[in-house]
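Dear colleague,

I am passing on the structure below, and after it I set out what was found when it was examined. Please read the notes with the coordinates open beside them.

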Amino acid sequence: MNAGLPDRKMNCLLAIGSDELWVGTNTGLYRGNGTGFRRLELPSFLGIVQVLSLLRDRDSNIWVGTTRGLLRINAKGISFSEENELRGDGGINVLSRTAKGISGSEVREG
């Protein structure tokens, strides 16, 4: 059952509390509240973007690793860092919390 998700392939999940679930798919980012999911509007210049990783930090920022770069979502809105500004080509497949903050990396196969 996909409960309102247009894409059955889920790349990543982030549970917040007992009734909120964020889902990253090949067609974008969705937020569920126990009754269904709604698509989050990401910056329009991204187009349809694959969401590869999700993480919440201690300041309640939601970090979203995509094929195009890194998004930060909080009460002030959405900010974006383009992938090639961060590290080069490729997507941000892994996000981790470190003592210095959030770290994003690409995992390449081969």
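Ser 60 is partly exposed, because its relative accessible area is 38%, a value that falls between the 20% under which a residue is called buried and the 50% over which it is called exposed. Please keep in mind here and throughout that this is a predicted model. For comparison, most residues other than glycine have a negative phi.

The next point concerns the sheet. Four strands form an open sheet in the order β1-β2-β3-β4, and their pairing is antiparallel. Because β1 (10–16) and β4 (37–39) stand at the edges and each has a single partner strand, one side of each is left without a neighbour in the sheet. On average, and with direction ignored, neighbouring strands of this sheet are turned by 25 degrees against each other. Between strand β3 (residues 28–32) and β4, which run antiparallel, there are three bridges, and Gly 32 stands opposite Phe 37 in β4.

How many salt bridges does a search of the whole structure find? The search finds one, and it is formed by Glu 20 with Arg 31, whose closest N and O atoms are 2.8 Å apart. Glu 20 lies in strand β2 and Arg 31 in strand β3, so the pair ties together parts that are eleven residues apart in sequence. In general terms, side chains of opposite charge can pair when their charged atoms come close. Arg 31 is partly exposed, because its relative accessible area is 31%, which again falls between the limits of 20% and 50%.

When its neighbours within four places in sequence are left aside, Glu 20 is in contact with Leu 14, Ala 15, Arg 31 and Gly 32.

How values were computed. Residues are numbered from 1 along each chain as its sequence is written. This is a predicted model: local features need pLDDT of at least 70, side-chain atom pairs count only at pLDDT 80 or more; totals for chains, interfaces and linings use all residues. Side-chain values use heavy atoms; hydrogens and water are left out. Contact means heavy atoms within 4.5 Å. Buried means under 20% relative accessible area, exposed over 50%, partly exposed in between (1.4 Å probe, protein chains only). Two strands pair if DSSP finds at least two bridges between them. Helices (H or I, at least four residues) and strands (E, at least two) are DSSP runs, numbered from the N terminus. Axes are lines fitted to C-alpha atoms, for helices over the stretch in contact, and angles run from 0 to 180 degrees between N-to-C directions. A salt bridge is a side-chain nitrogen of Lys or Arg within 4 Å of a carboxyl oxygen of Asp or Glu.
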